[in-house]
Amino acid sequence: MTGRQNSGSDLVEGGNEQLIKYKVRILYDNMEEMLVVNAPKDYVYQIRMNSEVKKELEEIYAKCGVTLSDALNIFMQQSLNVGGFPFPVVPDQNEARRKEAVRYLTASYRRGLESVREQGGWIPADEAERMLEEDK
């Protein structure tokens, strides 16, 4: 596994030259801050998987400029960062996405209504279209 670092959710675009910074705080006796990718590698973990699945995953992650090993380190780092899975794990992903979309739209709708109340009411459609064109 290569030692790369990354800042936030940025993915590497330059291959081995750039670093992935997913930070994790590992408490050692001296309380130093460590990165999963830079932590001493003192354990080997093997995964059994279908060779076609492995090949497909390697192609996907190569497009992001990382190896499969790097991607697994990123997954582990994010798991440590959030204290669990770094994404929702549910039986029906489509239903989870639909619920998230409904929550987002409902919140946007409420913000819009609040904005209308704060600004003294609705504006005519042609004025709204003009304002949208000005923002482009």
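I located Phe75 in helix 2; helices are DSSP runs of H or I with at least four residues, numbered from the N terminus. I note that the model is predicted, so local features need pLDDT of at least 70 and side-chain atom pairs count only at pLDDT 80 or more, while totals for chains, interfaces and linings use all residues. Residues are numbered from 1 along each chain as its sequence is written, and side-chain values use heavy atoms, with hydrogens and water left out.

**Entry 1: aromatic pairs**

I looked up the accessibility of Phe75 and found it partly exposed, at a relative accessible area of 31% (buried is under 20%, exposed over 50%, partly exposed in between, with a 1.4 Å probe and protein chains only). Rings of Phe, Tyr and Trp (its six-membered ring) pair if their centres lie within 6.5 Å; planes under 30 degrees apart are stacked, over 60 edge-to-face, and the rest tilted.

For Phe75 and Phe85 I read ring centres 6.4 Å apart and planes at 55 degrees, so this pair is tilted. Phe75 lies in helix 2 and Phe85 in the loop between helix 2 and helix 3 (93–118), so the pair ties together parts 10 residues apart in sequence. Phe85 is exposed, with a relative accessible area of 54%.

For Phe75 and Phe87 the centres are 6.0 Å apart and the planes at 40 degrees, so this pair is tilted. Phe87 lies in the loop between helix 2 and helix 3, so its pair with Phe75 in helix 2 ties together parts 12 residues apart in sequence. I recorded Phe87 as partly exposed, at 40%. Ring pairs link Phe75, Phe85 and Phe87 into a cluster.

**Entry 2: nonpolar patch**

I next looked up the surface patch that includes Phe75, Phe85 and Phe87; among its other members are Tyr43, Ile47, Val53 and Leu72. Its residues together have about 1100 Å² of accessible area (Shrake-Rupley method, 1.4 Å probe). Helix 2 (residues 68–82) gives the largest share of the patch, three residues.

**Entry 3: helix 1**

I checked the length of helix 1 (residues 51–63): at 1.5 Å a residue its 13 residues should span 18 Å, and its end C-alpha atoms are 19 Å apart, which agrees. The expected span is 1.5 Å times one less than the number of residues. At the N-terminal end, Asn50 caps helix 1, with a side-chain oxygen 2.7 Å from the backbone nitrogen of Glu52. After helix 1 I found Gly65, whose phi is positive, near 85 degrees.

Note on methods
Helices (H or I, at least four residues) and strands (E, at least two) are DSSP runs, numbered from the N terminus. A polar contact is a pair of N or O atoms within 3.5 Å; within protein, one must be able to donate a hydrogen and the other to accept it, and residues adjacent in sequence count only if both atoms are side-chain atoms. Patches are made of residues with over 30% relative accessible area and no salt bridge: like charges are joined within 9 Å, nonpolar side chains (Val, Leu, Ile, Met, Phe, Trp, Tyr) within 5 Å. A salt bridge is a side-chain nitrogen of Lys or Arg within 4 Å of a carboxyl oxygen of Asp or Glu.
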